[in-house]
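Please open the structure in your viewer and keep the sequence panel beside it. The tour below moves from one selection to the next and says what is to be found at each.

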Amino acid sequence: MDKIKNNKAWFLVLPVVLLVAFSAIIPLMTVVNYSVQDIFGPDNKIFVGTEWFVFVLQDERLHSALARQFIFSFSVLAIEVPLGIIIAMCMPKKGVWVSVCLVLLALPLLVPFNVVGTIWQIFGRADIGLGGWALNALGVDYNYAQNAGDAWLTVLVMDVWHWTSLIVLLCYAGLLSIPEVYYQAARIDGASAWAVFRYIQLPKLSSVLVIGVLLRFMDSFMIYAEPFVLTGGGPGNATTFLSQYLTTMAVGQFDLGPAAAFSLIYFLIILLFSWLFYTAITHFSGSQ
Amino acid sequence: MAEILFKQVAHRYKSTSTSKTNTVAEQELALSVGDFCWQDGGAYALLGPSGCGKSTLLNITSGLLAPSQGEVFFDGVNVTNQSTAARNIAQVFQFPVIYDTMTVRNNLAFPLRNRGMKEPEVSRRVGEIAEMLELDAVLNKKARGLSADQKQLISLGRGLVRKDVSAILFDEPLTVIDPHQKFKLRRKLKEIHRHLKLTLIYVTHDQSEALTFADQVLVMNKGKILQQGTPEQLFENPAHSFVGHFIGSPGMNFLSCDLGNDAVRIADTVIPMDAQLCHQGLLQLATLDKNATTSIGIRPEYLQMSGDPQLNGKAGIAVTLESLENYDAYQMATVSFSGATIRVKTRQPPESGALYLQIPESKTRLYVNDILVNANG
């Protein structure tokens, strides 16, 4: 079939292009602009090329923040995904308890980030916080303000408390959509509970899990408010994740050039990993 | 393989309404089949409209559902409380159930591996069954990429790989298969039955499927088995007017009538009938209240229409033609007399002018309260 040569249709795309330009491309270009200049004042700026990028990539503190970030994000996924699946499988399928469970699970999701931080900041205190006090009473030397490991764990527990529900709700919806005949067929085939999970439930959950893993990875990779409220990134640099580091650089020290270069690298890392995750998971479930 | 015996089996689904009555009212039963038996090696069809309890009966047979009353025996062993796996039943569902992530080979091997069979034995069985079902070409493919009929074959294959299955149950297995493949699959099923001598129980609401597949057809309605018999018996002697309506296309004609000593009367038309049969009918009527209904049933195929009032020396009933529908191989005439309408299947279009209907006495059945009357009592 011959195509009619007519490019007028592009005009229909124009409103979207403009919208995206104002909301994403122009702000992003501002950052690109900052990242290639050294700015001292409104009239005093020098073009430095890729200097900031080289500087940022060689920055030791950034390397350690990135490493901490990865360890944190993978710990979050390693805990929240299996835990979410287990809770979803334990939930009742019908009856009044369904609504009770759903409401209880949805509650943490409704709490704003910095409120979550505040809740745990108080809860974990050894003097007035129930959690911290109880741990110390049990003989555990717990103090997130002084002990780096404690602070890191507190942020992790906070995130698990806040976001496991998301995985639970996604998996629960996925589980409910599996037709009863699959379970009947499995009973007829003499399948064990593990086989039912491995060959029926997990494959049927794979599409919701892809979404869940991606969301949790991106979100945990951008974590800011919780460690900020808890210890401001401390003690030391124990909970200084990437956004925390970025904020210190951009707002604290007003190093706009390196901060802009770092923002772009940060953005690319998230993009790259989300893409890697997505391809890996879809490829994995496709070739199984 | 096993003979499957039901003793006073009845089932009622738990109602959500808060009725506090503990007595099982007949009307609330989803299923009430009394005593009956699936013979070892038989090909059975369970036929009935949607919601008549066919699938319930099937699930009770396979053990997916425990009956609220009665007992089920496999070869004399009470299995009422045994699980599906223990009963060693295979079941093929309405929609193909396959394990998406496995290859066809692993799908077929799954029930065997679950039962701890040795790997060489597994691959031998899988090979045999795949060959029989013509799945050998796709054995190493992912099951999810196959067409609906191949997926349904996999479901069937997972049942067949187990050598010692007591029976294979089919719950409307051809629903999602397109017509051409339906025919092929059905032939395959017949072939397997002949070859393996397995007990096959086939649930359907499609009479042509049931009648071509099974040696014995059970017609169900409202949770009850109305009749069990060969397709021919169901056609010739429907035990219940529902069976007459349900089997055949179109179904049997039923005309309500008054019963006499050697004839039935429809308004002022008298139709002669065997005296013995009338006698039995009258005997039954005598035991019933005065609201009991009497009717005669006659298949549209056995009616004859002609312009001759005296065909072969027998007086015809004068009828008026109401409508005529054309089908490929026959014509369907709707005619009326004495206020009754009746459908006639005929090869030639009726001639214009006066029409006379011949009702052959040997093909006419008598029903009292919708139940067939036998001349021998």
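Predicted model: local features only at pLDDT ≥ 70, side-chain atom pairs only at ≥ 80, totals over all residues.

Begin by selecting B:Phe73 together with B:Asn78, its bridge partner in strand 5 of chain B. Residues are numbered from 1 along each chain as its sequence is written, and chains are lettered from A and ligands numbered from 1 in the order in which they are written.

Now widen the selection to strand 4 (residues 69–74) of chain B, which pairs with strand 5 of chain B in the antiparallel sense over two bridges; two strands count as paired if DSSP finds at least two bridges between them. These strands belong to an open sheet of four strands in chain B, with the order 2-1-4-5 and antiparallel pairing. Its edge strands, each pairing on one side only, are strand 2 (31–38) and strand 5 (77–78) of chain B.

Next select helix 1 (residues 54–62) of chain B, which lies across strand 1 (4–11), strand 2 and strand 4 of chain B and runs at about 125° to strand 1 of chain B. Such angles run from 0 to 180 degrees between N-to-C directions, with axes fitted as lines to C-alpha atoms, for helices over the stretch in contact; residues are in contact if their C-beta atoms, placed from the backbone, lie within 7 Å.

Select strand 7 (residues 167–171) of chain B, where five of its five residues are buried. A residue is buried if 20 or more other C-beta atoms lie within 10 Å of its own, exposed if 12 or fewer, and partly exposed in between, the C-beta atoms being placed from the backbone. In a regular strand the side chains alternate between the two faces of the sheet. Here B:Ala167, B:Leu169 and B:Asp171 point one way, and B:Ile168 and B:Phe170 the other.

Strand 6 (residues 89–92) of chain B pairs with strand 7 of chain B in the parallel sense over four bridges, and B:Ala90 stands opposite B:Ile168. Strand 8 (residues 200–204) of chain B also pairs with strand 7 of chain B in the parallel sense over four bridges, with B:Tyr202 opposite B:Phe170. To follow the chain from strand 7 to strand 8 of chain B, trace it through helix 6 (residues 179–196) of chain B, a β-α-β crossover that is right-handed, meaning that, with the strands pointing away from the viewer, the path from the first strand over the helix to the second runs clockwise.

Then select B:Lys222, in the loop between strand 9 (216–221) and strand 10 (224–229) of chain B. Phi of B:Lys222 is near 50°, a positive value in a residue other than glycine, and B:Lys222 counts as partly exposed because it has 16 C-beta neighbours inside 10 Å.

Finish at B:Ser338, in the loop between strand 20 (331–337) and strand 21 (340–346) of chain B, where phi is positive at about 45° although the residue is not a glycine.

How values were computed:
Contact = placed C-beta atoms within 7 Å.
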